[in-house]
Amino acid sequence: MPKWPDLSLWADGIKQGDRAYLGRAISLIESSLPKDQEIAELLFEKLGQVKKPSFRIGITGVPGAGKSSFIEQMGLFITQNLQQKIAVLAIDPSSPISGGSILGDKTRMNDLARDPLAFIRPSPSRGSLGGVAQRTTETIRLCELAGYDYIFIETVGIGQSEAVVKKLSDLLILLLITGAGDQLQGIKRGIMELADLILINKADGENLLAAKRAVSETAQAVRLLSESESGWNCKVTHCSSMNPRDMERVWMMIKDYFQFILSDGWLQKNRIHQSHYWLHTHLEERLKKDLVGWLKTKTNVNAFIDTESEILEPFVLSRKLYNEYKKDSSE
Ligand SMILES: Nc1nc2c(ncn2[C@@H]2O[C@H](COP(=O)(O)OP(=O)(O)OP(=O)(O)O)[C@@H](O)[C@H]2O)c(=O)[nH]1
Ligand SMILES: [Mg+2]
């Protein structure tokens, strides 16, 4: 990466939809080097506001539920039938080392990756869930500035990332498969409350009947849940990524949902809520970094702990240290 890139060139490239510039800008965002962060901030200033409306779709479900396959087929449906652009991102809270399986061996989204209207970005490979998700908010914005109409965000791993992806998306789709085991029931309930659309997936071949049965059971369970903030009633249907007709049918449901949240103003309202949430998260992160950095410079902290005759309550000790930190920062 050049020391100080020509940001006007980068900004123009991104706005013209140049995927190479987009990729480079995302790497900049994901970098934890202070210098890169500074450049990224300047780049955002140059880029200005997103002009084109976009839709953000989170996809969650147990490992192997068929998320990547669904995104690929739905993505191809959108690019081929609607000639609109789609970007695919991933959130991976679970494996900072291996990264997500969005580009795993099983499903590389080969066909979609070759589509000039699609952009696929593997999951960020580093950091905490909060940190990764924060970068994802900026990555989404970059994709929108580059003119992508639909942004798909695939979660990798289950149990931690759904609440975060909910905060990143306008629509959350949950993929379930029949016979996935009862141990998931507890988790499922919590996630079902967040979902706007539930797909009983892999509804093909011998599995079709069982999937259709699961649709009515799940629809009953959903009716018992409390009403969503948007006022939308979660819909349940069966789906197979191997069946192009299912893509069309599910697409119509996605469209209905967006029409609903656009007409009652929820899309905008929710995005404002989400921005507030991420603003707070960014501020907390900055403060935390600052405080942790300060603590590292305080070689006497351990001595401070050791010299106390009694072990101090962490609560009390943290207050003492925090006061000292505030005193140091105001000097
Ligand atoms: N029969 C059938 N198989 C499917 C369908 N969708 C996906 N699969 C298969 O299920 C396996 C997992 O699919 P993926 O799309 O990788 O699932 P995923 O949820 O993205 O998996 P992870 O990212 O590893 O959590 C692959 O072998 C797919 O070929 C479907 O609609 N029907
Ligand atoms: Mg996947």
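User: Is Lys 202 buried or exposed?
Analyst: Buried. This is a predicted model, and in it Lys 202 has 24 C-beta neighbours inside 10 Å. The cut-off for buried is 20 or more, so Lys 202 counts as buried.

User: Where is Lys 202 found?
Analyst: In the loop between β6 and α9.

User: What about the phi of Lys 202?
Analyst: That phi is positive, near 60°, and the residue is not a glycine. Most residues other than glycine have a negative phi.

User: Which other residue has a positive phi although it is not a glycine?
Analyst: Gln 83 is one, with a phi of about 50°. Look for Gln 83 in the loop between α4 (67-82) and β2 (86-91).

User: Is Gln 83 buried or exposed?
Analyst: Exposed. Gln 83 counts as such because it has 9 C-beta neighbours inside 10 Å, and the limit for exposed is 12 or fewer.

User: Switching to strands. What is the order in the open sheet?
Analyst: The order is β3-β2-β4-β1-β5-β6-β7. That is 7 strands, with parallel pairing.

User: Which strands stand at the edges?
Analyst: β3 (118-120) and β7 (235-238). Each has a single partner strand, so one side of each has no neighbour in the sheet.

User: How much are neighbouring strands turned against each other?
Analyst: By 20° on average, with direction ignored.

User: Stay with β7. How many bridges join it to β6?
Analyst: There are 4 bridges between β7 and β6 (residues 197-200), and the two strands run parallel. Leu 197 has Lys 235 of β7 as its bridge partner. Leu 199 stands opposite Thr 237 in β7.

User: Where do the side chains of β7 point?
Analyst: They alternate. Val 236 and His 238 point to one face and are buried.

User: How far is Asn 233 from Ala 195?
Analyst: They are 38 residues apart in sequence. In space the distance is 9.7 Å, C-alpha to C-alpha.

User: Helices now. At what angle do α1 and α2 cross?
Analyst: Roughly 120°. The axes of α1 (residues 7-15) and α2 (residues 19-30) come within 7 Å. That angle makes α1 oblique to α2. The crossing is left-handed.

User: Which residues make the contact of α1 and α2?
Analyst: On α1, Trp 10, Gly 13 and Ile 14. On α2, Tyr 21, Leu 22 and Ala 25. By class, 5 are nonpolar, 1 is polar and none is charged.

User: How do α2 and α3 pack?
Analyst: At an angle of about 130°, with axes 8 Å apart. Here α3 covers residues 34-47. The two helices are therefore oblique to each other. α2 passes α3 in a left-handed crossing.

User: Which residues make that contact?
Analyst: α2 brings Ala 25, Leu 28 and Ile 29. α3 brings Asp 36, Ile 39, Ala 40 and Leu 43. Of these residues, 6 are nonpolar, none is polar and 1 is charged.

Definitions and conventions. Residues numbered from 1 in each chain as written. Chains lettered and ligands numbered in written order. Predicted model: local features only at pLDDT ≥ 70, side-chain atom pairs only at ≥ 80, totals over all residues. Axes fitted to C-alpha atoms, helices over the stretch in contact; angles between N-to-C directions. Parallel < 35°, antiparallel > 145°, perpendicular 65-115°, else oblique. Left-handed = near helix turned anticlockwise from the far one by under 90°. Contact = placed C-beta atoms within 7 Å. Nonpolar A, V, L, I, M, F, W, Y, C, P; charged D, E, K, R; others polar. Pairing = 2+ DSSP bridges.
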